[in-house]
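Subject: Structure handover

Hi,

Here is the structure I promised to pass on. Please open it next to this email.

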Amino acid sequence: MRVRPVTPELVVSELVERIAKVADPDGWTRVALDGAPAAGPDRLAQALVDPLRELGHEVLHVRTADFLRPKSVRWEFGRTNPDAYYDGWVDEAGLRREVLDPLGPGGTGRVLPTLRDPVRDRATRAGYLTLPPGAVLLVSGDLLLGSGLPFELAAHLVMSPAALARHTPPEEAWALPAYARYADEVAPQTFADLVVKVDDARHPAIMSID
């Protein structure tokens, strides 16, 4: 594995360039920003919005945190069960139905930006949006890859186990075994279109297989 040190700005510019290359002016481009919360996938997605708009793309950023299943389902085996977290906190069916499939081939472009408020544990009652052809969807969150969700481009933010443990708040450390299982069973770094090592967010590195 080759590691190329870069700046945070270069990560953004390289991703923007890659998205522009695969963007379909007659359809939609669905991009995954995958990584544990400590790796900053939401932050990276937000940093892509303005540069993509400057290229003429309408952009929608959707967080998987806004597509969680109800607490009664998520917490069936306890509030801090890493296996339950790994296997099904995110409502992938809802994410497909309301966001990803409408932006796929033959889709309508009509999407729901949020489904459920993760704090209040109730529907957000958000209104539907219609994205025009040429628009880019950015989906950010963790454990996004390997389950067949359809994306035209996927970026994976990876941290060493030690760095991930160091940067994860103590109250969220219970989820660390889920991330270890994801790295072992899914190994997203072996197939994501772009892999960025972010042990130190100020000094990222792009990883590639020689």
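Predicted model: local features only at pLDDT ≥ 70, side-chain atom pairs only at ≥ 80, totals over all residues.

Seven strands make up an open sheet with mixed pairing. The order is β1-β11-β10-β9-β2-β8-β3. The edges are held by β1 (2–5) and β3 (59–63). Each has a single partner strand, so one side of each has no neighbour in the sheet. From one strand to the next, the twist averages 20°.

One pair in detail. β9 covers residues 153–158 and β10 covers residues 194–197. These two strands run parallel and are joined over four bridges. Within this pair, H156 sits opposite V195 of β10.

The helix. α2 spans residues 41–54. It lies across β2 (29–34), β3, β8 (136–141) and β9. Relative to β8, helix α2 runs at about 165°.

D121 is not a glycine, yet its phi is positive, at about 55°. You will find D121 in the loop that links β5 (116–117) and β6 (122–123). Its relative accessibility is 24%, so D121 counts as partly exposed.

L143 is the other non-glycine to look at, with a positive phi of about 55°. This residue belongs to the loop between β8 and β9. Is L143 buried or exposed? It is buried: its relative accessible area is 13%, and the cut-off for buried is under 20%.

Best wishes

Methods. Residues numbered from 1 in each chain as written. Heavy atoms only, no water. Pairing = 2+ DSSP bridges. Axes fitted to C-alpha atoms, helices over the stretch in contact; angles between N-to-C directions. Contact = heavy atoms within 4.5 Å. Buried < 20%, exposed > 50% of the residue type's maximum accessible area, 1.4 Å probe, protein only.
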